Amino acid sequence: MEVVAINVFPQYSLRQWEAYWRSVGGGDALFAEDVNQRAIVAFNVRAAGTKIIIDREGKIVYRNGGVTTYEKLRSEVDKAL
C-alpha cells in the first residue's frame, strides 16, 4: 500500500472519497477516518478541504487548504513516493 488517505472532516463518507478516487483513476489506497480528531490537532488543520502529503520520512512535503485538482494532487503524491 503506497497511499493512505485519512478523512479528518467526515462530512463525506469514506465510501464517497474512495468512489471519487477510483473515478479519477486513483491507484491502490487505504482510506481511514480520524474519529478522535487527533490528526486535526497534530497537523494544525483549520479548514475542511486541507490536503497534507507526508513523505516516507514523516516530513510534510505538500499542504494546501484550497481547491486542488486531481492532477496536482496525484503529482504531489507521486513525488512523495
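This is a predicted model: local features need pLDDT of at least 70, side-chain atom pairs count only at pLDDT 80 or more; totals for chains, interfaces and linings use all residues.
Close-up 1. N44 is placed in the loop between α2 and β3, and its phi is positive, about 55°, although N44 is not a glycine.

**Close-up 2. Q37, a residue with positive phi in the loop between β2 and α2 (38-42).** Q37 is a residue other than glycine, yet its phi has a positive value near 60°. The loop that holds Q37 runs between β2 and α2, and with a relative accessibility of 44% Q37 counts as partly exposed.

**Close-up 3. The largest pocket and the elements that line it.** The space in the largest pocket amounts to about 1,200 Å³, and its lining is made up of 38 residues, among which V4, A5, I6, K51 and I52 lie nearest the centre. At least two lining residues are supplied by each of β1 (3-7), α1 (14-23), β2 (29-33), β3 (51-54) and α3 (70-80), and the largest share, five residues, comes from β1. By residue class, the lining of the largest pocket holds 27 nonpolar, seven polar and four charged residues.

**Close-up 4. A nonpolar surface patch made by V4, I6 and L30.** The patch covers about 270 Å². L30, which belongs to strand β2, is partly exposed, with a relative accessible area of 43%. Two other members of the patch, V4 and I6, are also among the residues that lie nearest the centre of the largest pocket.

**Close-up 5. D55, a buried residue in the loop between β3 and β4 (60-64).** D55 has a relative accessible area of 13% and is therefore buried, the limit being under 20%. The loop that contains D55 lies between β3 and β4. Computed from C-alpha to C-alpha in the model, the separation of D55 and V35 is 23 Å in space, and the two residues are 20 residues apart in sequence.

**Close-up 6. E71, an exposed residue of helix α3.** E71 lies in helix α3, an element that supplies at least two residues of the lining of the largest pocket. With 58% relative accessibility, E71 counts as exposed. The C-alpha atoms of E71 and I52 are separated by 15 Å, and these residues are 19 residues apart along the chain; I52 is itself one of the residues nearest the centre of the largest pocket.

Conventions: Residues are numbered from 1 along each chain as its sequence is written. Side-chain values use heavy atoms; hydrogens and water are left out. On a 1 Å grid over the protein atoms alone, a cavity is a set of points where a 1.4 Å probe fits but cannot get out, and a pocket is an open set with protein on both sides within 12 Å along at least five of seven lines; lining residues have an atom within 4 Å of a point. Grid points are joined across faces, edges and corners, and a volume is the space filled by probe spheres set on the points. Helices (H or I, at least four residues) and strands (E, at least two) are DSSP runs, numbered from the N terminus. Ala, Val, Leu, Ile, Met, Phe, Trp, Tyr, Cys and Pro count as nonpolar, Asp, Glu, Lys and Arg as charged, and the others, Gly among them, as polar. Patches are made of residues with over 30% relative accessible area and no salt bridge: like charges are joined within 9 Å, nonpolar side chains (Val, Leu, Ile, Met, Phe, Trp, Tyr) within 5 Å. Accessible areas come from the Shrake-Rupley method with a 1.4 Å probe; for residues, only the protein chains shown count as cover. A salt bridge is a side-chain nitrogen of Lys or Arg within 4 Å of a carboxyl oxygen of Asp or Glu. Buried means under 20% relative accessible area, exposed over 50%, partly exposed in between (1.4 Å probe, protein chains only).
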